[in-house]
Amino acid sequence: MFIPTLKESPADAEVVSHKLMVRAGMIRQVASGIYSILPLGLRVLRKVEQIIREEMNRIDGQETFLPSIQPAELWQESGRWDFYGKELLRFKDRHGREFCYGPTHEEIITDIVRKEVKSYKKLPLILYQIQTKFRDEVRPRYGIMRGREFMMKDAYSFHADDASARETYQKMAGAYANIFKRCGLRFKMVEADSGTIGGNLSHEFAVLAESGEDHIGFCDSCDYASNLELAEAKAPSPDDDNPKLDDLKEISTPGKKSVKEVAEYLSVSSKQIVKTIVLDSDQGLIAGLVRGDREINPTKLKNLIGAEWVRPADAKTISEETGIPCGFVGPVGLKLKVYADREVGALKNFVTGANKTDAHFTGVQINRDFQAEKIADIRKVMEGEPCPRCPSGTYQVKRGIEVGHIFILGTKYSKSMKALFLDPNGKERPMVMGCYGVGVGRTAAAAIEQNHDEKGIIWPVPIAPFAVHIIPTNYSQEAVKNASDSAYRNLQEKNIEVLLDDRPDRLGVKLNDADLLGIPLQIIIGPKNLEAGKVEIKIRKTNTSELHDFPGVLENIPAILNGLLS
């Protein structure tokens with residue numbers, strides 16, 4: 001078998017899964033973010049794919065295979081051709097027609113269904129595929145976890161109404177939970193933002209791992225979990241400790257810009273200072289207010305105002321557009337739309353910038369000194385805060401790797417692309433859609449991030465490239481060779497996937513490679529143990545070894561492997 005292992009990690013590898021997949025001969029880079037999948041790696045991906053297929057089929061999904069090359073006209077119909085950005089690889093064929101290499105397939109699948117489904121009697125419908133995607137990431141990294149070309153399962157559902165869409169959404173959530181459980185992963189289903197795909201209900205499935213790019217907030221008492229960019233903050237209590245309303249007063253604060261500097265200068269708590277964050281958006285400049293010890297959450301603010309995008313404005317833009325120097329912006333008299341966090345709405349007598357250099361206001365009151373367009377939860381939550389959903393829980397924050405994402409898209413695509421059907425009354429209506437994705441390679445990489453040690457990979461049994469690794473100490477010795485071959489045939493007859501290391505290399509090389517490859521169960525066969533009627537069984541997960549009777553132990557291998565599933 002072609003397994004080109006390496007002793008050293010590649011210099012550009014930043015995370016464990018990238019290092020170990022290269023060292024274990026599973027992948028090789030062709031270009032930035034583009035990888036060849038070698039035989040051992042492909043065996044793992046096929047295991048993940050099969051688990052996905054079984055769970056999709058279980059909820060009446062039907063597999064398709066859609067083209068990776070998509071015509072521009074469909075993306076122009078949906079409105080995403082110009083909106084998607086540089087991640088969309090665009091090109092022209094020899095006739096000058098524009099195409100893209102699909103990063104996702106909403107347009108293609110909607111085009112198929114709108115042509116073939118005309119009646120509510122054909123709904124609901126779930127179609128899925130496992131297909132190569134391409135997204136021209138500005139900085140591909142982490143091996144196949146964040147490559148430009150990648151394997152993905154994407155499913156799409158079509159419905160006559162919202163109730164049907166939500167029913168399928170719940171089925172899909174259950175199927176996804178089953179997929180990741182069966183892959184042997186520890187994960188959280190978290191509330192998430194829909195991003196560029198759109199939609200009004202969205203959850204991510206995140207594998208908990210230190211190398212994760214996302215931060216997951218979850219309760220230590222109840223089931224609530226959310227991507228940190230959407231995690232809810234508990235509603236604040238009224239500021240009853242400070243009932244008297246002070247007058248608005250301008251105070252000189254020479255050179256004091258930061259919350260810490262202003263708090264120390266005025267001898268107040270950072271909780272009594274309100275930061276005014278100026279942000280740019282597709283709706284123009286806006287201002288967000290949060291308490292001095294908090295951080296604003298642009299994603300929450302984006303969703304609050306219904307913007308396509310929101311991001312912090314730079315100091316130059318703020319100065320040019322408002323005439324106010326950075327560090328002294330405040331809501332009183334500010335000629336921008338102001339949005340306040342709920343904690344600010346509960347405050348009295350707080351401090352803000354005075355919209356002039358070296359000056360702040362004290363005694364500021366919302367609704368008296370300025371008006372907010374909306375008061376809502378627009379801040380980031382922090383670890384240790386109280387859970388918003390239960391009375392006793394507190395937030396835990398962990399890193400997570402997104403491996404799956406489910407959305408209800410609503411009629412975003414069916415309206416723009418005229419995917420219409422006739423309801424029971426003969427009225428034409430747009431279909432309600434759902435979208436559901438699993439990163440196949442990302443799931444395999446996440447399994448390594450969660451299951452490894454200093455020696456190499458520790459594969460969960462369901463997605464391991466092989467279940468058993470037979471390691472003869474010296475395959476050229478007749479007794480060892482015969483016992484190894486016999487064990488190999490016996491396990492194959494039991495439909496157990498087994499790898500036999502018949503190389504002439506030293507035992508140390510074989511054992512090191514075995515630990516690197518991470519196959520769950522190793523059978524080490526040597527002449528001395530054979531003379532005593534024994535072989536050594538090593539469990540890769542625990543790195544523990546025991547001698548067992550041979551060949552009798554072969555009958556127990558299925559039970560040993562089943563025990564490793566828990």
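## Charges and overall form

In this report Lys and Arg count as positive and Asp and Glu as negative, while His and the chain ends are not counted. The place of a charge is taken as NZ of Lys, CZ of Arg, CG of Asp or CD of Glu. On this basis, the mean positions of the 77 positive and 79 negative charges of the protein chain lie 1 Å apart.

The structure is a predicted model, in which local features need pLDDT of at least 70 and side-chain atom pairs count only at pLDDT 80 or more, whereas totals for chains, interfaces and linings use all residues. Residues are numbered from 1 along each chain as its sequence is written, and side-chain values use heavy atoms, with hydrogens and water left out.

The C-alpha atoms of the protein chain fill a box of roughly 95 × 65 × 50 Å along the principal axes. The chain contains 16 helices and 31 strands; helices (H or I, at least four residues) and strands (E, at least two) are DSSP runs, numbered from the N terminus.

## Surface and contacts

The accessible surface of the protein chain is about 25900 Å², and 48% of this surface belongs to carbon and sulfur atoms. Accessible areas come from the Shrake-Rupley method with a 1.4 Å probe, and for residues only the protein chains shown count as cover. A residue is called buried under 20% relative accessible area, exposed over 50%, and partly exposed in between (1.4 Å probe, protein chains only). Of the 566 residues, 52% count as buried.

Contact means heavy atoms within 4.5 Å. Among contacts between residues at least 6 apart in sequence, 68% join residues at least 24 apart.

## Nonpolar cores

In soluble globular proteins, nonpolar side chains tend to be buried together. A nonpolar core is here a set of buried Ala, Val, Leu, Ile, Met, Phe, Trp, Tyr and Cys residues joined through side-chain atoms within 4.5 Å. The largest such core has 61 residues, of which Met26, Met56, Met172, Tyr176, Phe180 and Trp459 touch the most other members. Helix H6 (residues 162-182) supplies the largest share of this core, with nine residues.

With residues up to four places away in sequence left out, the contacts of Trp459 include Met26, Val44, Ala444, Ile448, Leu517 and Pro520. A second, separate core comprises 25 residues, among them Tyr475, Val480, Val498 and Leu530.

Helix H2 (residues 39-58) has 20 residues and reaches 29 Å from its first C-alpha to its last, close to the 28 Å expected at 1.5 Å a residue. The expected span is 1.5 Å times one less than the number of residues. Among the buried residues of H2 are Leu40, Val44, Lys47, Val48, Glu49, Ile51, Ile52, Glu55 and Met56. Asp60 follows H2 and has a positive phi, near 75°.

In helix H14 (residues 507-517), the buried residues are Lys510, Asp513, Ala514, Asp515, Leu516 and Leu517. Gly518 follows H14, and its phi is positive, near 75°.

Most residues other than glycine have a negative phi, and most peptide bonds are trans. The peptide bond from Leu123 to Pro124 is cis, with omega near 0°; Pro124 lies in the loop between helix H5 (106-116) and strand S7 (125-134). The bond from Phe550 to Pro551 is also cis, with omega near 10°, and Pro551 belongs to the loop between strand S31 (544-549) and helix H16 (557-563).

Ser267 has a positive phi, near 55°, and stands in the loop between helix H7 (259-266) and strand S14 (274-281). Ser267 is exposed, at 66% relative accessible area. Asn543 likewise has a positive phi, near 55°, and is found in the loop between strand S30 (534-539) and S31. Asn543 is partly exposed, with 28% relative accessibility.

Leu289 is part of strand S15 and is buried, at 0% relative accessibility. Leu289 and Gly330 are 41 residues apart in sequence, yet their C-alpha atoms are 8.8 Å apart in space. Beyond four places in sequence, Leu289 touches residues including Val274, Ile296, Pro331, Val338, Phe370 and Ile378.

Arg294 is in the loop between strand S15 (286-291) and helix H8 (298-305). Arg294 is buried, with a relative accessible area of 11%. Not counting residues up to four places away in sequence, Arg294 touches Lys275, Glu343, Arg379, Met382 and Glu385.
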